[in-house]
Amino acid sequence: MKIIVCIKQVPDTKGGVQFNPDGTLNRGAMLAIMNPDDKAGLEAALRLKDQYGAEVTVITMGLPKAKDVLVEAMAMGADKAVLVTDRMLGGADTWATSTTLAGAIRNLEYDLIITGRQAIDGDTAQVGPQISEHLHIPVISYTQKLEIDGDYVIAQRQYEDRYHVVKAKMPCLITALAELNEPRYMTPGGIFAAYDAEITEFNRQHLIDVDDADLGLKGSPTKIAKASDKVRKGAGEQVNLDPEASVGYILEKLKEKHVI
């Protein structure tokens, strides 16, 4: 079994975020981590490797510094890593990102593709399903439990206060929730091996069946109208009431907002 895991290097919001003049994130100036949902997807792939001897390839699109997240993934146990990087890919929205990743993945063999549900720097949950559309393969999103049955993937798909059990024949793609599992730690031996391992680099010329018009900022149908690092909150309304009156006041406010 060959598994591809799409991972993303995202800003560590504890260190603050910075923006370029065009409203896009200044990724080169920020501390970065592996996206949490992607890490859960990587752990799912590594467990399938432990169970079935699967080969796990991680792929990311980003600046050259995104190699750090690939090294981390290999230190956790991934077998191969691919960095997709090119100046013309910068500023991509979900459409341009999924187009790029699909073009890169067409170079690789796979039975299963795993992505995170969404990235914490965008929260769109679009890239995974869009990749599946580009590649014309089935997708199961919001996966909270995963198992393999022969040539099929069986997944519990989170749905409000319940879940769906969905079955898809491989090759297919799933998007993983952070709740899917508890990712393992890197091992000392894994860290040394990861830094010695070769990372494959793709650029524009390696993308298969992709039009320049669908890449980067120019190929992104959505544009950022405004961006800020903090949203200021108003002072709110302050009242001084005894406990009994406070209960009545809160209930009235909830009714006004149609919460109850």
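A crossing counts as left-handed if the near helix is turned anticlockwise from the far one by less than a right angle, and as right-handed if clockwise. This is a predicted model, in which local features need pLDDT of at least 70 and side-chain atom pairs count only at pLDDT 80 or more, while totals for chains, interfaces and linings use all residues. Residues are numbered from 1 along each chain as its sequence is written, and side-chain values use heavy atoms, with hydrogens and water left out.

1. α3 passes α4 in a right-handed crossing. Helix α3 covers residues 94-105 and helix α4 residues 127-135; their axes (lines fitted to C-alpha atoms over the stretch in contact) are 9 Å apart, at an angle of about 50°. The two are therefore oblique, a label for what is left after under 35 degrees (roughly parallel), over 145 (roughly antiparallel) and 65 to 115 (roughly perpendicular).

2. On the α3 side of this contact (heavy atoms within 4.5 Å) you will find Trp95, Leu101 and Ile105, among others, and α4 brings residues including Val127, Ile131 and His134. The residues of this contact divide into seven nonpolar, six polar and no charged.

3. Helix α1 (residues 36-52) and helix α2 (residues 67-76) cross at roughly 35°, their axes coming within 11 Å. This crossing is right-handed. Lys39, Leu42 and Leu46 of α1 meet Glu72, Ala73 and Met76 of α2.

4. Where does the charged end of Lys167 sit? It lies over the ring of Tyr152, 4.7 Å from the ring centre (the cut-offs are NZ of Lys or CZ of Arg within 6 Å of the centre and within 35 degrees of the ring normal).

Note on methods:
Axes are lines fitted to C-alpha atoms, for helices over the stretch in contact, and angles run from 0 to 180 degrees between N-to-C directions. Helices (H or I, at least four residues) and strands (E, at least two) are DSSP runs, numbered from the N terminus. Ala, Val, Leu, Ile, Met, Phe, Trp, Tyr, Cys and Pro count as nonpolar, Asp, Glu, Lys and Arg as charged, and the others, Gly among them, as polar.
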